[in-house]
Amino acid sequence: MIFKDYEVVMNFNQEVYNLLRLIPKGKVVTYSQIALCLGNVKLARAVGNALHNNPNPKLYPCHRVVNRKGELSKAFAFGGSEAQMKMLVDENTQFDRFNRVRLDICGFDIEKFIKSKS
């Protein structure tokens, strides 16, 4: 049964990574947006786990995922929140005075984007 669970996790992770490739530079999505695209908003933590295991951050831009308040990840897998912020700043992502991403400006409606492509 462990092997089957492994396959389920790997398939889920790949679906997360495929969604990451849709997010344009300078834009962000939330963990729950990704989870909702995968069918269940309660999968937001699982999305975070997938991001933490990202096999190729250049191909799958996990730095473009923030929490629902626009806050960066303290446990960003590739150098902490400072590294995540630098990567987002390099893409001209806008922040407020509390170093949260301006979701009103830089939020990407990934669900709407996916529906427009269907």
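What follows is a set of questions and answers on a predicted model.

Visitor: What do the numbering and the values rest on?
Guide: Residues are numbered from 1 along each chain as its sequence is written, and side-chain values use heavy atoms, with hydrogens and water left out. As the model is predicted, local features need pLDDT of at least 70 and side-chain atom pairs count only at pLDDT 80 or more, while totals for chains, interfaces and linings use all residues.

Visitor: In what order do the elements of the protein run from the N terminus?
Guide: Helices (H or I, at least four residues) and strands (E, at least two) are DSSP runs, numbered from the N terminus. The protein has six helices and two strands. Their order is α-β-α-α-β-α-α-α.

Visitor: What is the radius of gyration of the protein, and what does the globule rule give?
Guide: The radius is taken over C-alpha atoms, and the rule is 2.2 Å times the number of residues to the power 0.38. For 118 residues the rule gives 13 Å, close to the value for the protein, so the protein is as compact as a globular protein of that length. The radius of gyration is 14 Å, against 13 Å from the rule.

Visitor: What share of the contacts with a separation of 6 or more comes from residues 24 or more positions apart?
Guide: A contact means heavy atoms within 4.5 Å. Among contacts with a separation of 6 or more, the share from residues 24 or more positions apart is 61%.

Visitor: How many salt bridges does the protein have?
Guide: Side chains of opposite charge can pair when their charged atoms come close. A salt bridge here is a side-chain nitrogen of Lys or Arg within 4 Å of a carboxyl oxygen of Asp or Glu. By this rule the count is four.

Visitor: Which residue forms a salt bridge with Glu91?
Guide: The N to O distance in this salt bridge is 2.7 Å. Glu91 lies in the loop between helix 4 (80-90) and helix 5 (103-106), and its partner, 27 residues away, in the loop between helix 3 (44-52) and strand 2 (65-66). The partner is Arg64.

Visitor: Are Glu91 and Arg64 buried or exposed?
Guide: Buried means under 20% relative accessible area, exposed over 50%, and partly exposed in between (1.4 Å probe, protein chains only). Glu91 is at 15% and Arg64 at 7%. Glu91 therefore counts as buried, and Arg64 also counts as buried.
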